[in-house]
Each structure stands twice: as structure tokens, then as C-alpha cells.
Amino acid sequence: LCDGLAPRADLLIEHLHRLNDTEGALRKGQLAALAEHLRLSQVEVFEVASFYHHFQIVDDDAAVPRTTVRVCTSLSCSMAGASSLLHGLRAKLAGDASVQVIEAPCIGQCHQAPAACVGQHQVPQASVAGVTDLLARGETAPRVLVPSDTDSDYTQLRRLLGGALTPEQVLAELKASNLRGLGGAGFPSWRKWETVRAQPGRKAMVVNIDEGEVGTFKDWQVLTTTPHQVLEGLLIAALTVGAEDVWLYLRDEYHDGRVILTQAIAALKQRLPAWQHKYPGWTWPAIELRRGAGAYVCGEESALIESVEGKRGMPRLKPPIVAVNGVFGRPTLAHNLETLWWLPEILEKGGAWLAGQGRRGRSGLRRFSVSGRVNRPGVYLAPAGITLNELVAEYAGGLPAGHTLKAYLPGGASGGILPAALADVPLDFDTLAEHGAFVGSMAVVVLSQHDSVRDAALNLMRFFEHESCGQCTPCRAGTVQSVQLMTEPTWDTERLAELSQVMRDASICGLGQAAPNPFDSVLRFFPEEVQ
Ligand code: SF4
């Protein structure tokens, strides 16, 4: 089963995918054989296989359902009826041993809720009839989507290669653009580039396409429509900082995106010999695509790097920062996919052009994923500093008839929940901290008077409980205890406040530090729902 895949320890997760895809699960005997094949101990293979949610370990003689149906039960899908879809499917398929129906955290299709995945086939606006129809037809392979830029010109890359643009000019434009990392942290991109560029030794780059934040699907949209613009940005970044190895890390839920990205990388590699001949003197990076396996925490850059190295995706303690000591100990430029998409745009229109966009003194354009109670859920490129009221009215078609705004999530599960009274504050990095919130990856979920904010917060906390990597106690135990307290009719606010403090102060990574945000928001803005 592992033919054609090198027997390297860092490819362990790729090997596990081969087995899991073929058998529907990982058999214990196969794990033992794989350990021998990769010259790893059995415990090393088992600890990785058991860490990722998309791997299922079974006894050698266990019967395994041929197809797994994953029903997204995260917030936007729950609001659109995921629970009845889940129960309807379980009732309909009861007794069919060839199918298992399980709950899944956000699969990045919030604009087409409720969503499900039949094998590797994503199903937007899923229904019991639609899913059973797909099963009957055996359609479990990834959907085939056609990107719009199948044959990009790579104009800005060729300017760099041909000397019309120097790496220093690229850096200067990047600085002038004020581009910030769009994976959630908003760190100024040029600072990362300068740090990595200044490091000695062999450098690397990782592209984070693990967008798992509840409510976020912008990277999926960018990837499936304009993959070559992303690859052009990737090469510009790698050549400018001198990265000799690049890993693209794609979340496993984006099977359709994986098909597109695989084809785009293959097309790019076909063009490389001609460029290498025409523009000698450049050190071209090796490019590898790595497949995540259902772990939200791998969106954290050091966890992602651990996963690229073939290990459990557990965040590292910092310092050192990954720009100094990243993948395999090399200085590593870690960028979100959308950040790279912006590079050709910036070099074509000028950094000042992007910096000049925005409202209320904010700078740039932001890609918002909008879902929940709006007429037109989707991805919208809007000025930084736009307000929720403007975003919904100007881009998302307003709220459906009979709904009025009650609350909204400005930044997915991590970013807190704000009341309608704060729908006129600018949405951007650093603008919501005084309200205990942040925009993160710009995942906006709109709630109306028909929704319970308390239920929404519980849904989000269950997500964190499910996704905690378990490495540190405040997060591992804190998320479990929070869920227990939040399921009580009246919340123990004192105990929750204590938990919030310890999780914020003592968790290793952003997951545990942000996990109290949902209940803190309820206590702050909607106490009447829990007291
Ligand atoms: Fe893992 Fe949570 Fe600790 Fe992050 S905060 S390292 S997710 S246990």
C-alpha cells in the first residue's frame, strides 16, 4: 500500500493516510508493520496515529464500514439544522454496516450549511435524501471543481527572475503594503521575511492551509479559484528569503482543494525547467504537499511544523520562534495561504495601493467569511475597518426576513461573541480588544433573536474540548470542566471566571488561551441567558 512513498519517518502521516484511505481504518497489525517499514518504534507510530481525528485504529479482524459520513455540527451548520440531519441520517442508515455516520467539527463550508462529507465528497446544503443518494451512487471521491486561473501568467515572478524587480524591492513593496498575516495573528509579514532572510544556514517555508477556525472558509475559496496566484506568491516569497524547501500543509477536509492543488503544483513543476534554463542563478525550492489529518491545533504554526515532521501536532514552547528555529530546526517562514495570494497583487499594483485601502483609518483589504443569519453567506473582500452592520448590509444581503441582529462572532470560535450594540465598531486587528474580542481569521457568524447565545457558546466550547491537544493541564482539563459547567441550567460564574484566568495565564498556545472567550462573552454581554 505504501508503494511509491519513501520509507521516511517524516512521511509517517502520509503513510497512515494511504492505509486509512484504502482500508477505511488503521489495523493494529498494519501499524506494527509500518513501524518496521519506517524503522520507528511501534509506540511512535501509535501515538501519531491515535492523535489525529481522521484516523481510526481497529483490531485486525474488526469489520470496518466502507464509508464514513461526517456531519458538521459546528455553529453555522447547527444553526442550519445539523442536528436533525445527523439524527435523520443515523435513523435512515441504521442497520447498514457499510456506513458510519459521525459528528465532525467545522469542515469549512459554513456558507452552504448544513454541510457533510460522504467519504471524501463534500456535500453543501446536505439533506438526508441528498446524502443517501450519493451513497447509493457510490460517489465518495472528492468533488471536481474548476479553478478560474488554471493558467496563470506568473508575471510578477518573471519580473523577479528577470531582474526587473530585486528581492530588496519586493521587500520594500511588502513593507509599504502593510500586509499582515491573514491566518489569524495579523503579524506584519515583512518582519517575518527580514528575520528569516537574516538567518544563516538552510532555510525553509511552510504554507498554512489548515484553516480550521470555526466559520472560516476563505482559504478554501482562494485555493479552489486561484491556486496559481498562491503558487506565484509562494515562489516570490521563497526566492526572496532564500527558502530551499517548502511544505504546503492542507487540512484534510479540503479533498476538492487537494485535487486542485496537486494539479496546480504538477503544472508548475512542468514549467520550472524552462524557467531554470532562462533565468539561471536562482536556487529553486523543493515543494511538497502535506495532508493534515483532522486536528484544528495544527493551524498553530509550531504544531503544524511538528506535523510536517511526521509527529503529533503539539505546539512547541516558544522561544525559539519558528523564524529562527522551525521545521527540522531550520529558520522557517510560516505563512497563511491568503497572505501569499496577496504578493502578486501587491507587486502589480504597488504596496501603497493596498495600504491606501480601508475605512476609519485602518489599512488594507480583508477577506471575511460570513455565515449564519444572512441572506448571502460567502467570502467577501472588504475594506479593513468596515463594521459588522456595513458588512452585512453592503455585502451579505442583510438578515433574512423575520430576523434581527442579536449577536455576532467577529473571529470564529476564538474571537469572542459581541452584542448587536457593538455592530458599529471597526472590524480589524487590534480594534476589539477592549470588548474582549478579536477578528483573527475574519470569520463572521451572525446570530439573530431566534438564536441562543448561550447555546452558541456551548457549541464553541465543545469544539475546543474536542480539539485540545492535551499537552497542558489548563487547556486539557479546563475545556472539559467548562463544558460541564456550561451545561448546567445556571452557570457557576465564579468557577468559570477562575477557569478563564488559569486557562489564559497558563496554557501553552492560543487555543487554550482563547478557549474561555465564548463563555466570557456570554457572562459579559448576555448574563440574563445563564443566571
Ligand atoms: Fe495543547 Fe491546549 Fe496546551 Fe495548546 S493550550 S498546547 S492546544 S493543551
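View 1. The model shown is predicted.

**View 2. The ligand takes up the space of the largest cavity.** This cavity holds about 80 Å³ of space. Its lining is made of 13 residues. Nearest the centre of the largest cavity lie P315, C469, C472, C475 and C509. The lining splits into eight nonpolar residues, five polar residues and no charged residues.

**View 3. The whole structure has two cavities of 30 Å³ or more.** One of them is the largest cavity, with about 80 Å³ of space. The second largest cavity has a volume of about 30 Å³.

**View 4. Seven named residues mark the second largest cavity: D10, I13, E14, Y249, R290, R291 and S307 line it.** Look for helix α1 (12-23) and strand β9 (286-291): each supplies at least two residues of the lining.

**View 5. The second largest cavity lies between two domains.** Domain 1 (9-58) gives residues to the lining, and so does domain 3 (155-351). The cavity lies between these domains because both contribute to its lining.

Definitions and conventions:
Residues are numbered from 1 along each chain as its sequence is written. This is a predicted model: local features need pLDDT of at least 70, side-chain atom pairs count only at pLDDT 80 or more; totals for chains, interfaces and linings use all residues. Side-chain values use heavy atoms; hydrogens and water are left out. On a 1 Å grid over the protein atoms alone, a cavity is a set of points where a 1.4 Å probe fits but cannot get out, and a pocket is an open set with protein on both sides within 12 Å along at least five of seven lines; lining residues have an atom within 4 Å of a point. A molecule sits in a cavity or pocket if more than half of its atoms lie within 2 Å of its grid points. Grid points are joined across faces, edges and corners, and a volume is the space filled by probe spheres set on the points. Ala, Val, Leu, Ile, Met, Phe, Trp, Tyr, Cys and Pro count as nonpolar, Asp, Glu, Lys and Arg as charged, and the others, Gly among them, as polar. Helices (H or I, at least four residues) and strands (E, at least two) are DSSP runs, numbered from the N terminus. Domain bounds come from an automatic or database domain assignment.
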